Amino acid sequence: MIKGLRTAFVLVAMLCSCLPANAQEYQPSVGQAGKDVIWVPTPDTLIEAMLYAAKVTPNDYVMDLGSGDGRIVIAAAKRGARATGFEYNPDMVELSKRNAEKAGVSDKATFVKADIFEADFSQATVITMYLLPQLNLKLRPTILNLKPGIRVVSHAFTMGEWNADETIEQEGRTAYLWVVPAKADGTWTWQANPGVAELKLTQVFQDITGTLKLNGSELTIREGKLEGDKIRFIGGDREFTGRVNGKTIEGIARINGSEEKWSAAVAQTNP
Ligand SMILES: C[S@@+](CC[C@H](N)C(=O)[O-])C[C@H]1O[C@@H](n2cnc3c(N)ncnc32)[C@H](O)[C@@H]1O
């Protein structure tokens, strides 16, 4: 009897070793060690809320930094977006590829075995992450140098003094959304009527303060804000809106129901 059981066990073991590798699927465990942070998956309902807040469409390229079992990348691909996950653990990378295949999105969802601090995520239009506060802070300078308008969504952790543009609450969990602001720090001038207007801006992340010299008076600007490349501030009784494009700003100034164009060039950038 014992001998028969032993033979059966040996046969089953032999059979298993002949099966393709993916038949003996790698099972990750929540809380398992990772290079810089453990693996804990983001719940599906929060993923949907994060992608909704970031307004992910089929035109987007979503990149998840530390992609775990691939669930955020797969959810983005299901929305029609192209999506890539960077993950240090090669077993998780292979598991993610299988998960994407099962979900029928392997044409849109790709996974790369990489360290997030060496990966190139400059092509992303949306970046997602569930890391740690100090890792977010380490990534922050790189993120702030990306193209204005890129949306960044972080599950649970903030970006230090870079305040979120939106907070997402879902079933007791929190995620934060930022829009990478354009660089507007410095002095801008344009031909006004009469004379030259001078706008001196001090930028702290997406917030701008400063002064506007216009029509012979100097005003402190109010409500200064950047959202990606979009700029808005109030100067006296005028509302200025526009788009920052490198060394120029093109926009509209509204006063008492009438509109006039303004087109500024940078005269000096702040150090
Ligand atoms: C908290 S989990 C989040 C997984 C996934 N983004 C999600 O929200 O479901 C963090 C993941 O980052 C991975 N990771 C840790 N350090 C990393 C690094 N330096 N480069 C790439 N991945 C890393 C871990 O293996 C883990 O899968």
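User: By class, what residues make up the lining of the largest pocket?

Analyst: That lining has 11 charged, seven nonpolar and two polar residues. Please keep in mind that this is a predicted model.

User: How is empty space found in the first place?

Analyst: Rolling a probe the size of a water molecule over the atoms shows where empty space is left. In this structure, the largest pocket has a volume of about 410 Å³. Its lining counts 20 residues, with Lys55, Val179, Glu227, Gly228 and Lys230 nearest the centre. Strands β7, β12 (222–227) and β13 (230–235) each give two or more residues to that lining.

User: How many cavities of 30 Å³ or more does the structure hold?

Analyst: A cavity is a space where the probe fits but cannot get out. The structure holds one of 30 Å³ or more, and the volume of the largest cavity is about 380 Å³. Its lining is made of 28 residues, and Val37, Gly66, Ser67, Gly68 and Glu87 are the closest to its centre. Both α3 and β2 (82–87) supply at least two lining residues. By class, the cavity lining divides into 14 nonpolar, seven polar and seven charged residues.

User: What are the overall dimensions of the protein chain?

Analyst: The C-alpha atoms fill a box of roughly 105 × 35 × 30 Å along the principal axes. The radius of gyration is 25 Å, whereas a compact globule of 271 residues would have one near 18 Å. As for secondary structure, the chain comes to five helices and 16 strands. Of its 271 residues, 43% count as buried.

User: Which residues of the largest nonpolar core touch the most other members?

Analyst: A nonpolar core gathers buried nonpolar residues joined through their side-chain atoms. In the largest one here, with 28 residues, those touching the most other members are Val56, Val62, Ala109, Phe111, Val153, Ile168 and Leu177. At least two residues of this core come from each of α2 (44–53), α3 (71–78), α4 (90–102), β3 (109–113) and β7 (173–179). There is also a second, separate core of 25 residues, including Ile116, Ala119, Leu139 and Trp178.

User: Leucine 201: buried or exposed?

Analyst: Leucine 201 counts as buried because its relative accessibility is 1%, and buried means under 20%. Leucine 201 is in strand β9 (residues 196–204). Setting aside residues up to four places away in sequence, leucine 201 touches Ala184, Asp185, Gly186, Trp188, Thr209, Ile221, Ile231 and Asn270. Threonine 211 is 10 residues away along the chain, and its C-alpha atom is 6.8 Å from that of leucine 201.

User: How should I read the backbone angles?

Analyst: Most residues other than glycine have a negative phi, and most peptide bonds are trans. Here, asparagine 193 and proline 194 are joined by a cis peptide bond, with omega about 10 degrees. Proline 194 sits in the loop between β8 (186–191) and β9.

User: Where is phenylalanine 205 placed?

Analyst: Phenylalanine 205 lies in the loop between β9 and β10 (207–214). Although not a glycine, phenylalanine 205 has a positive phi of about 55 degrees. With a relative accessible area of 17%, phenylalanine 205 is buried.

User: And what is phi of asparagine 215?

Analyst: Phi of asparagine 215 is near 50 degrees, again a positive value in a residue other than glycine. Asparagine 215 is found in the loop between β10 and β11 (217–220), and at 40% relative accessibility asparagine 215 counts as partly exposed.

Key:
Residues are numbered from 1 along each chain as its sequence is written. This is a predicted model: local features need pLDDT of at least 70, side-chain atom pairs count only at pLDDT 80 or more; totals for chains, interfaces and linings use all residues. Side-chain values use heavy atoms; hydrogens and water are left out. A nonpolar core is a set of buried Ala, Val, Leu, Ile, Met, Phe, Trp, Tyr and Cys residues joined through side-chain atoms within 4.5 Å. Buried means under 20% relative accessible area, exposed over 50%, partly exposed in between (1.4 Å probe, protein chains only). Helices (H or I, at least four residues) and strands (E, at least two) are DSSP runs, numbered from the N terminus. On a 1 Å grid over the protein atoms alone, a cavity is a set of points where a 1.4 Å probe fits but cannot get out, and a pocket is an open set with protein on both sides within 12 Å along at least five of seven lines; lining residues have an atom within 4 Å of a point. Grid points are joined across faces, edges and corners, and a volume is the space filled by probe spheres set on the points. Ala, Val, Leu, Ile, Met, Phe, Trp, Tyr, Cys and Pro count as nonpolar, Asp, Glu, Lys and Arg as charged, and the others, Gly among them, as polar. The radius of gyration is taken over C-alpha atoms; the globule rule is 2.2 Å times the number of residues to the power 0.38. Contact means heavy atoms within 4.5 Å.
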